[in-house]
Amino acid sequence: MEKSIRGMLQVTIHHFSSFQTKIPTINSYLLILLGFTFPLSVSIGTAVIGCIMLLWLVEGKFKEKFTIIQHNKITYAFLAFFMIHLIGLLWSEDLKWGLHIVSKEWRMLLPLIFITIVKKEHISYYILAFLFAMSLSEVLSYLIWFGIIPPFQSATTLNPTPFISHISYNPFLAFSIFFVNLLYIFRQK
């Protein structure tokens with residue numbers, strides 16, 4: 001009986017170790033999925049982020065990940081932005097509201113995790129997935145605005161962004177324009 005339990009445990013550990021080695025690739029594909037889903041559905045995007053974070057934790061290798069974060073200069077900008085919000089709590093008149101705002105800003109720490117996941121060979125896929133989703137959203141927005149299709153979800157003819165609010169949509173659109181220009185510049189070289 002003890003041998004069978006030990007054997008099952010060894011098989012389970014082997015399968016878990018095998019799964020752990022596949023997590024970086026799975027997470028990279030999930031980043032591609034996130035690039036597509038986030039501009040179209042914040043809730044689906046949040047679920048994908050949850051899967052990424054869970055797998056990131058299960059994978060382990062935290063010392064290696066911390067080294068990657070530490071040596072990437074862009075991470076300091078995200079950390080500084082988040083830390084400014086935390087430091088700002090010291091002179092906040094309404095600590096409850098300040099904590100509410102900080103609780104929303106945790107998303108600014110996600111790039112620290114993403115930086116440890118990104119695969120150089122998949123960068124164009126991350127960008128193209130995002131651009132494809134934004135193009136789809138943009139086409140649908142114009143079709144609603146011109147009255148070719150009726151408004152759906154949260155869209156109206158005056159505010160024709162169906163998937164996310166125009167406040168969130170505008171920065172996504174700015175990033176899309178940036179990425180298109182970046183792709184154009186690199187294709188020229």
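Begin the tour by selecting helix 7, where the buried residues are Y126, I127, A129, F130, L131, A133, M134, S137, L140, S141 and I144; here buried means under 20% relative accessible area, while exposed means over 50% and partly exposed lies in between, with a 1.4 Å probe and protein chains only. The model on the screen is predicted, so that local features need pLDDT of at least 70 and side-chain atom pairs count only at pLDDT 80 or more, whereas totals for chains, interfaces and linings use all residues. Residues are numbered from 1 along each chain as its sequence is written, and side-chain values use heavy atoms, with hydrogens and water left out.

**Along helix 7**

Helices are DSSP runs of H or I with at least four residues, numbered from the N terminus. Helix 7 covers residues 123–145, and its 23 residues reach 33 Å from the first C-alpha to the last, close to the 33 Å expected, where the expected span is 1.5 Å times one less than the number of residues. Step just past the end of helix 7 and select G147, which takes a positive phi of about 80°.

Continue to Q153, in the loop between helix 7 and helix 8 (166–188), where phi is near 50°, a positive value in a residue other than glycine. Most residues other than glycine have a negative phi. Q153 counts as exposed, at 62% relative accessibility. Then move to K61, in the loop between helix 2 (42–59) and helix 3 (62–71); K61 also has a positive phi, of about 55°, although it is not a glycine, and K61 is partly exposed, with a relative accessible area of 46%.

**The largest nonpolar core**

Which residues touch the most other members of the largest nonpolar core? Select L31, L34, I52, F114 and I117, which do so within a core of 16 residues; a nonpolar core is a set of buried Ala, Val, Leu, Ile, Met, Phe, Trp, Tyr and Cys residues joined through side-chain atoms within 4.5 Å. Helix 1 (2–37), helix 2, helix 6 (110–117) and helix 7 each supply at least two residues of this core. A second, separate core has eight residues, among them M134, I164, F172 and F179. In soluble globular proteins, nonpolar side chains tend to be buried together.

Keep L34 selected and display its contacts, meaning heavy atoms within 4.5 Å: leaving out residues up to four places away in sequence, L34 touches P39, G45, V48, I49, I52 and F114. Next select L30, which is found in helix 1 and is buried, with a relative accessible area of 16%; beyond its neighbours within four places in sequence, L30 is in contact with V48, C51, I52 and L55. The C-alpha atoms of L30 and I49 are separated by 8.2 Å, although the two residues are 19 residues apart along the chain.

I49 itself is found in helix 2 and is buried, with a relative accessible area of 9%. Not counting residues up to four places away in sequence, I49 touches L34, F38, L110 and F114. T37, in helix 1, is buried too, with a relative accessible area of 10%, and with its neighbours within four places set aside, T37 is in contact with I44, G45 and V48.

Move along helix 2 to W56, which counts as buried at 13% relative accessibility. With residues up to four places away in sequence left out, W56 touches N27, F62, K65, I113, T116 and I117.

Now select K65 together with E59, which form a salt bridge whose closest N and O atoms are 3.2 Å apart; the term means a side-chain nitrogen of Lys or Arg within 4 Å of a carboxyl oxygen of Asp or Glu. A search of the whole structure finds one salt bridge. Both E59 and K65 are buried. Side chains of opposite charge can pair when their charged atoms come close.

**A last stop at W91**

Finish in the loop between helix 4 (74–88) and helix 5 (95–105), where W91 has its place. Is W91 buried or exposed? W91 is exposed, with a relative accessible area of 64%.
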